Amino acid sequence: MAEAEEQETGSLAESTDESEEEESEEEPKLKYERLSNGVTEILQKDAASCMTVHDKFLALGTHYGKVYLLDVQGNITQKFDVSPVKINQISLDESGEHMGVCSEDGKVWQACGHVASCAPAPAPGGWKSTLLTIYLH
């Protein structure tokens, strides 16, 4: 009789463990939207090589050396012809005012300006960019 009770208790514990496993294996439900607008246009002509996300905008680098700033709906707000080769990484500061870009040819491009506003900067006194060449020995 005691054996039967132990088996029942054991099978009850096993079924509880199984139901916990089933609950933990359930995929999380995420709500997302596919980026469109300018992103579709970019990807028809080029391939994305990297992307950085800021609270207010996205920065997308391409294999043809371009960096695009996009609003949260995917509309192109600014475009920079940074390099003739692939963009490897884009870094933004917390405020979104400074951007650093490195490309496949070892060059680093720095931009300071009104990135976070996602509006084209005025020509005089707007974006200031610097090209730095880093040679690794």
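Start by selecting D81: at 59% relative accessibility, it counts as exposed (that label means over 50% relative accessible area, buried means under 20%, and partly exposed is in between, using a 1.4 Å probe and protein chains only). Before you click on, know that this is a predicted model, where local features need pLDDT of at least 70 and side-chain atom pairs count only at pLDDT 80 or more, while totals for chains, interfaces and linings use all residues. Residues are numbered from 1 along each chain as its sequence is written, and side-chain values use heavy atoms, with hydrogens and water left out.

D81 and K66 form a salt bridge, with their closest N and O atoms 3.4 Å apart (the rule: a side-chain nitrogen of Lys or Arg within 4 Å of a carboxyl oxygen of Asp or Glu). This pair links distant parts of the chain, since D81 sits in strand β4 and K66 in strand β3 (residues 66-70), 15 residues apart. Strands here are DSSP runs of E with at least two residues, helices are runs of H or I with at least four, and both are numbered from the N terminus. K66 itself is partly exposed, at 22% relative accessible area.

How many salt bridges does the rule give? The count is 3. For another one, pick E104 and K86, whose closest N and O atoms are 3.9 Å apart. Then try K29 with E26, where that distance is 3.7 Å. Both ends are out in the open: K29 is exposed at 75%, and E26 is exposed at 52%.

Four of them make an open sheet in the order β1-β2-β3-β4, with antiparallel pairing (two strands pair if DSSP finds at least two bridges between them). β1 (48-53) and β4 (76-81) stand at the edges with a single partner strand each, so one side of each has no neighbour in the sheet. Zoom in on β1 and β2 (residues 58-62): they pair over 5 bridges. Within that pairing, V53 stands opposite L58.

Together they form a nonpolar patch on the surface, with about 260 Å² of accessible area. Patch members have over 30% relative accessible area and no salt bridge; nonpolar side chains (Val, Leu, Ile, Met, Phe, Trp, Tyr) are joined within 5 Å, and like charges within 9 Å. Areas come from the Shrake-Rupley method with a 1.4 Å probe, and for residues only the protein chains shown count as cover. Last stop: L35, in the loop between α1 (2-25) and α2 (38-45).
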